[in-house]
Structures are given as C-alpha cells and as structure tokens.
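Welcome to a short tour of a protein model. Have the viewer ready, and let us start with one residue before stepping back to the whole fold.

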Amino acid sequence: MSGSRPNTVPLESEAATALDFQPAPARTAAAKLPSLPEVYRSVPIISGSSFFRKALAFAGPGYLVAVGYMDPGNWATDIGGGSQFGYALLSVVVLSSLLAIFVQALSAKLGIVTGRDLAQACRESYPRPVGIALWLLGEIAIAACDLAEVLGSAIALKLLFGIPLLAGVLITGADVLIVLAMQGRGFRWIEALVITLIATIAACFAYELFFAQPLWREAASGLLPPMQLLHDRNMLYLAIGILGATVMPHNLYLHSSIVQTRAFGSSSGQKREAIRFATFDSTLALGFSLFVNAAILILGAAAFHHRGLTAVADISQAYQLLTPVLGASLASTLFAAALLCSGQNSTLTGTLAGQIVMEGFLSLKIKPWLRRLITRSMAIIPAALVIGIAGEKQAMGLLILSQVILSFQLPFALIPLVQFTNDKRKMGEFTNSWWVGALAWFTAAAIIALNALLVFLILRGNA
C-alpha cells in the first residue's frame with residue numbers, strides 16, 4: 001500500500017502552490033500542512049504506465065464519495081417516494097445523480113489544481129466571520145448525515161438481531177474503533193473495505209429486484225419529471241429529501257481532499273491527467289450509487305405501491321413486508337444486511353469529512369478519536385432523545401428530516417465551490433469554461449429555488 005513515490009511533489013512545492021491560491025492576509029499560514037497530511041500523496045502513480053494501471057491507481061476516492069449517495073437517509077426517502085408515488089420520482093433520483101457527478105468533478109478539480117480542499121479554500125478566501133458561518137453550516141450538515149447513519153445502523157441491528165433501537169443507537173457510537181483501525185493500516189485499506197460493502201449492497205438489491213418483477217415500461221415513464229411535483233407539497237418534500245440524500249454537501253469537502261492522496265505530479269499535464277482519471281473514478285462510482293438509489297425506489301414502487309401499500313415510508317415496515325410480499329425467503333434479511341452495510345460504510349466517510357471540515361476551516365487539529373466522538377455525540381444525542389421521548393415510530397420522520405436539512409445546507413458548500421472553480425486567479429488554465437461555469441451557477445440556483453419553493457408550500461399548508 002505504500003512504497004516509492006515516483007511522482008510525489010515535496011511539501012515545499014505544495015506550499016508554493018497554496019501561496020498562489022491565497023489572498024495576501026492568509027499568506028503567513030501558507031506553510032501549514034496539506035489536507036489529511038497523514039495520507040497525503042500516499043498512493044503512488046507510476047509515470048508511463050498504461051491507462052488501465054493509472055485508472056486503478058486513481059480508483060478509490062470516488063467510491064468513498066459514492067457512499068454518501070447511498071446512505072440510510074436515501075433508503076427512507078426512496079422507499080417513501082416509491083411506495084407513495086410509484087415510479088414518478090425516479091426522474092428525481094436520476095437527475096440528482098447526474099448533478100452529483102457534475103459537482104463532484106468540480107470538487108476533485110479544485111483539490112487537484114490548488115492543492116487545497118474546499119474547507120481550506122473557504123478559510124483562506126473569505127473574511128473570518130463568513131468562514132466561521134460556513135464551518136458551522138458544514139458541521140450541521142455532517143451531524144445530519146451522521147444522524148442518518150446512526151439511525152440506519154440502529155434500525156438494521158434491530159431488524160437483524162432484535163436489539164432495541166435506543167440500544168442500537170448507543171452501540172453505533174463504538175464504530176469509531178473500526179475507523180481508527182482502518183486509518184492506521186493505510187488509505188487503500190479504507191477504500192478496499194468501502195468498495196466491498198458497496199458491492200454487497202448492490203448484490204442484495206439485485207436479488208430484491210429479481211423477485212419484485214418491476215413494470216419496466218412504467219418505470220421508464222418515471223424518467224420524465226411529473227408536473228405534480230410543482231404543486232404537491234408531500235411529493236416536493238420527498239423530492240427535496242431525495243436531492244438532499246443524493247447530493248451531499250460534506251462530500252464536496254471530502255472529495256476535494258481525498259483526491260490529494262494520489263501522488264500525481266505538479267505540472268499542468270500531470271494535473272490535467274489527474275483530473276481526467278479522478279473524474280472517471282467518481283463518475284463510475286456514482287453510477288453504482290445511481291443503481292442502488294434507483295433500485296430502492298423501484299423496489300418500493302413494485303413491491304408496495306402497485307399492491308396498494310402506499311404508506312410504507314418506514315424502513316422497518318418495508319423489512320417486515322418484503323418477504324411475504326415478494327415470496328422470497330431471504331428478501332427481508334438481505335434488505336436489513338444491506339442497510340447495515342450502508343450505515344457502516346457511511347461511518348467511514350463521515351469520519352474523514354468531519355476531520356477535513358474542522359481542520360480546514362479552523363486550522364485546528366485534534367485527535368481522530370476525539371473528533372469522531374464529538375461528531376457522533378451530535379448525532380447520537382438528538383436520536384436518543386427523540387426515541388426516548390417520542391418513541392421509535394418517530395425515528396423515521398427524523399431520518400427524512402435529516403435529508404431535507406442536508407438539501408438546505410447544500411448551497412452553502414456548492415456556491416463557494418462554483419465560485420472558486422470559476423476564478424481564473426485561483427484555477428489558472430483550469431478555470432471552468434463559460435458553459436461549465438454557467439451550468440454550475442444554474443445548478444446552484446435550481447437547488448436554492450427548490451428549497452425556497454418547499455418552504456413556501458410548507459408555510460402555506462400550515463396557514
């Protein structure tokens with residue numbers, strides 16, 4: 001996993017690259033360590049190797065990013081969307097995935113070209129009050145994502161082993177040990193575990209779809225956005241939940257950092273090559289997440305909606321119904337096993353994202369176990385309170401709400417990313433072309449407009 005680094009650029013050169021990126025007041029901090037210094041440029045890239053070998057060397061970060069696009073929060077929104085509205089929201093899943101592929105490519109490009117992750121770039125480019133505000137919003141997003149992981153893992157433990165939900169929530173706090181053990185063995189080990197769990201999830205849903213026998217022609221019609229989305233508050237709420245569960249704000253910080261684990265060179269040609277392979281990696285990986293998300297929604301539509309079960313928005317309820325509805329003995333067990341894999345997978349990337357956001361915005365380094373404990377507490381405490389006070393039935397509503405929170409926070413990560421990648425002073429020859437920049441701003445504006453529309457419909461409905 002380690003070994004020689006033929007293309008590794010000395011940290012002094014990286015500091016010089018960072019100097020070009022920073023405004024004058026921040027230049028005194030230029031010598032600070034790069035993002036995730038313990039794994040920075042730890043994966044060698046061999047010059048002159050074949051396309052296939054280079055693609056393998058760059059493969060990995062995209063799959064860590066893809067994990068956030070198939071976490072337990074997706075399950076709640078996709079199952080709810082499939083059971084209530086059939087295949088109608090399949091278009092939202094596909095469009096969200098295409099949007100994710102686009103913005104993650106921008107994130108990877110920022111990290112490769114500037115040598116700074118998105119959090120570092122925000123700290124170095126904005127006034128301190130703005131940076132602090134963006135840091136707080138980033139922490140809220142990570143807490144919301146971690147909440148989905150905690151609840152999803154706890155629900156899976158209950159379904160598989162009968163462990164009470166509150167106890168399961170507390171047990172998930174111990175998974176910090178898994179993360180620390182994997183980090184100690186090297187970044188490639190983390191990537192290998194993540195890819196294995198993704199493959200397991202995909203295999204489980206392939207089994208489920210085989211027995212669900214979806215109406216594929218009707219599913220294809222769901223690729224066209226329904227007009228009902230603009231005036232149905234419940235459908236819009238789920239659609240934005242799917243968007244929030246698919247395009248994850250913390251992944252923008254994560255991807256811009258972990259692409260720097262590859263020891264690519266510092267020349268324009270080497271950076272351009274790194275961008276090409278990193279984009280290929282993330283596009284392929286997010287294709288797998290699209291399959292998983294679409295499979296969950298199609299499963300909800302085929303197994304429940306078309307059998308008159310239109311109120312199955314609860315993962316536990318879906319688990320109980322799958323085996324009798326599909327007539328497949330392993331359907332429910334594999335569903336819960338995939339959910340557990342999803343929750344544990346998201347734990348790994350959530351840990352890294354939390355470290356990147358805190359270190360990048362605050363230039364503050366604390367021990368990984370302490371950082372994980374802080375992040376986990378922000379998710380475990382509200383989950384435990386809701387379950388303890390309101391009961392287990394409220395957990396699913398909390399899970400969907402966490403995804404809507406992510407959608408509302410997304411513009412505060414996306415707008416800086418678009419701004420930086422459009423800035424010629426920071427990106428040089430790698431600045432977005434006019435059409436890429438226009439598409440990026442349109443994407444950010446569309447997300448903000450959808451969120452504003454949801455608020456309007458909620459307020460009108462409550463009036």
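Predicted model: local features only at pLDDT ≥ 70, side-chain atom pairs only at ≥ 80, totals over all residues.

In which loop is the place of Arg41? Arg41 sits in the loop between helix H1 (11-21) and strand S1 (43-44).

Arg41 is not a glycine, yet its phi is positive, at about 50°. With a relative accessibility of 3%, under the 20% cut-off, Arg41 counts as buried.

Gln213 also has a positive phi, near 50°, in a residue other than glycine. Its place is the loop between helix H10 (187-212) and helix H11 (216-221). Is Gln213 buried or exposed? Gln213 has a relative accessible area of 64%, so it is exposed.

## The fold as a whole

Stepping back, the secondary structure consists of 20 helices and two strands. The protein has 463 residues, and 58% of them count as buried.

The accessible surface of the protein comes to about 17,900 Å². Carbon and sulfur atoms account for 69% of that surface.

## An enclosed helix and a buried valine

How many residues of helix H13 (residues 249-258) are buried? Ten of the ten are, so H13 is largely enclosed by the rest of the structure. The buried residues of H13 include Pro249, His250 and Asn251, as well as Tyr253, His255 and Ile258.

Val93 belongs to helix H5 and, at 0% relative accessibility, counts as buried. Leaving aside neighbours within four places in sequence, Val93 is in contact with Asp78, Ile242, Leu290, Asn293, Ala294 and Leu297. For Val93 and Asn293, the C-alpha atoms are 6.8 Å apart in space, while the two residues are 200 residues apart in sequence.

## The largest pocket

If you are thinking about open space in the model, the largest pocket has a volume of about 530 Å³. Its lining is made up of 20 residues, and Leu95, Leu99, Leu243, Ala446 and Leu450 lie nearest the centre. Helix H5 (90-114), helix H12 (233-246) and helix H20 (434-462) are the elements that give two or more residues to this lining.

Which helix supplies the largest share of the pocket lining? H5 does, with six residues. By class, the lining of the largest pocket holds 17 nonpolar, three polar and no charged residues.

## Cavities

The whole structure also contains two cavities of 30 Å³ or more. The largest cavity has a volume of about 50 Å³. Phe58, Pro61, Ile112, Val259, Arg262, Phe264, Ala278 and Asp281 line this cavity. Its lining divides into six nonpolar, no polar and two charged residues.

## Where H15 meets H16

Finally, look at helix H15 (residues 315-326) and helix H16 (residues 331-362). Their axes come within 7 Å and cross at roughly 145°. On the H15 side, the contact involves Ile315, Ala318, Tyr319, Leu322, Thr323 and Leu326. These meet Ala331, Ser332, Thr333, Phe335, Ala336 and Leu339 in H16. An α-helix has 3.6 residues a turn, so residues three or four places apart point the same way.

What classes of residue make up the contact of H15 with H16? The residues there divide into nine nonpolar, three polar and no charged.

Notes:
Residues numbered from 1 in each chain as written. Heavy atoms only, no water. 1 Å grid on protein atoms, 1.4 Å probe; cavity = no way out; pocket = protein on both sides within 12 Å on 5 of 7 lines; lining within 4 Å. Points joined across faces, edges and corners; volume = space filled by probe spheres on them. Helix = DSSP H or I, 4+ residues; strand = E, 2+ residues; numbered from the N terminus. Nonpolar A, V, L, I, M, F, W, Y, C, P; charged D, E, K, R; others polar. Axes fitted to C-alpha atoms, helices over the stretch in contact; angles between N-to-C directions. Contact = heavy atoms within 4.5 Å. Buried < 20%, exposed > 50% of the residue type's maximum accessible area, 1.4 Å probe, protein only. Areas by Shrake-Rupley, 256 points an atom, 1.4 Å probe, with all protein chains shown as cover.
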